[in-house]
Amino acid sequence: MIKLEHGLAYVAVVLTFRGRSLSLGSVILDTGSAGTMFAADRLLDIGIVPEPFDPLRRIRGVGGTEVVFTKRIDRLAAGALAVADFEIEVGALDYGFPADGILGLDFLVRSGAVIDLRSLELRLRNPTSENH
Amino acid sequence: MTWMEVRRRYPHQWVVVEALDARSELGKRRLEELAVVEPFLDAEGALRAYLKLHRRAPGRELYVLHTDREDLDIAERTWLGLRTAG
């Protein structure tokens, strides 16, 4: 289910890391982001902290820059969509309004997502009966 | 300090560092001159300190690093960011 707030599209996700799962209710759906990012303070709940050799990345954006560390997680799911062994970016994610993360194009492509903004659904494929 | 000097002075630990001089080159961020903001024994402590500092001063170029890391291989990616409807 997609919920529209502040003019943005939010979805809920469940991420699993080393056997522990976490549900996040406010993740922004963003086809303009190449990567998928989550707020570091939320991920502490399932023991996601930096490790000495985690790959680092610097995200340069209009709103400034921030440095993230990356993790391979066991699974990331949004409704019916799910991918296994997926790389996420973890950072401060301060953009002036509440968000647990950014669900980027990498996840949407790998999971084969259909973003239906009429029925506000994120789903696997178009139902064959959709003719209107 | 260079990263080599930070590693020598703070071996086998976490540090929050600020880049005083850095440049972007071929999709990588090169950190030339660093200042150690604070060393930490654990990653969570370092991360929490970083998050607090970043929130207070988002313009500072801060990193959470472990000094066992030899080379700083920091990739860069661009993101246009979000525009809300207010």
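Residues are numbered from 1 along each chain as its sequence is written, and chains are lettered from A, and ligands numbered from 1, in the order in which they are written. Because the model is predicted, local features need pLDDT of at least 70 and side-chain atom pairs count only at pLDDT 80 or more, while totals for chains, interfaces and linings use all residues; side-chain values use heavy atoms, with hydrogens and water left out.

Helices (H or I, at least four residues) and strands (E, at least two) are DSSP runs, numbered from the N terminus.

Several strands pair with β2(A); two strands pair if DSSP finds at least two bridges between them. Strand β1(A), residues 3-5, runs antiparallel to β2(A) and is joined to it by three bridges, with A:Glu5 opposite A:Leu8. The hairpin of β1(A) and β2(A) has two residues between the strands, and A:His6 there takes a positive phi near 55°. β2(A) also pairs with β3(A), in the antiparallel sense and over seven bridges; in this pairing A:Val14 has A:Ser23 as its bridge partner. Two residues again lie between the strands in the hairpin of β2(A) and β3(A), where A:Arg18 takes a positive phi near 45°. Three bridges join β2(A) to β6(A), and these strands run antiparallel. In β6(A), A:Arg75 stands opposite A:Thr16.

A:Arg18 is exposed, at a relative accessible area of 54%. A:Arg18 forms a salt bridge with A:Glu51, the closest N and O atoms being 3.0 Å apart. A salt bridge is a side-chain nitrogen of Lys or Arg within 4 Å of a carboxyl oxygen of Asp or Glu. A:Arg18 lies in the loop between β2 and β3 and A:Glu51 in the loop between α1 and β5, so the pair ties together parts of chain A that are 33 residues apart in sequence. A:Glu51 is partly exposed, with a relative accessible area of 28%.

A:Thr36 sits in another loop of chain A, between β3 (20-29) and β4 (37-39). A:Thr36 is buried, with a relative accessible area of 1%. The side chain of A:Thr36 reaches the backbone nitrogen of A:Gly104 at 3.0 Å. Not counting residues up to four places away in sequence, A:Thr36 touches residues including A:Leu76, A:Phe86, A:Ile88 and A:Phe107; contact means heavy atoms within 4.5 Å.

The remaining topic is how the chains meet. In chain A, 37 residues are in contact with 33 residues of chain B. Chain A and chain B bury about 3,000 Å² between them, 61% of it on carbon and sulfur atoms. Buried area is the accessible area (1.4 Å probe) that two parts lose on being put together, summed over both. A:Leu56, A:Arg58 and A:Arg60 supply 23% of the area that chain A buries against chain B, more than any other three residues.

Strand β5(A) pairs with strand β4 of chain B (residues 74-79) in the parallel sense over six bridges. In this pairing A:Leu56 stands opposite B:Ile74.

Between chain A and chain B there are six salt bridges. In one of them, the side chains of B:Glu76 and A:Arg58 meet at 2.5 Å, N to O. Another is formed by the side chains of A:Asp94 and B:Arg55, at 2.9 Å, N to O. A:Asp94 lies in the loop between β7 and β8 (101-103) of chain A and B:Arg55 in helix α2 of chain B, so the pair joins two chains. A:Asp94 is partly exposed, at 34% relative accessible area, and B:Arg55 is partly exposed at 38%. Leaving aside neighbours within four places in sequence, B:Arg55 is in contact with A:Asp41, A:Ala92 and A:Asp94.

Notes: Buried means under 20% relative accessible area, exposed over 50%, partly exposed in between (1.4 Å probe, protein chains only). A polar contact is a pair of N or O atoms within 3.5 Å; within protein, one must be able to donate a hydrogen and the other to accept it, and residues adjacent in sequence count only if both atoms are side-chain atoms.
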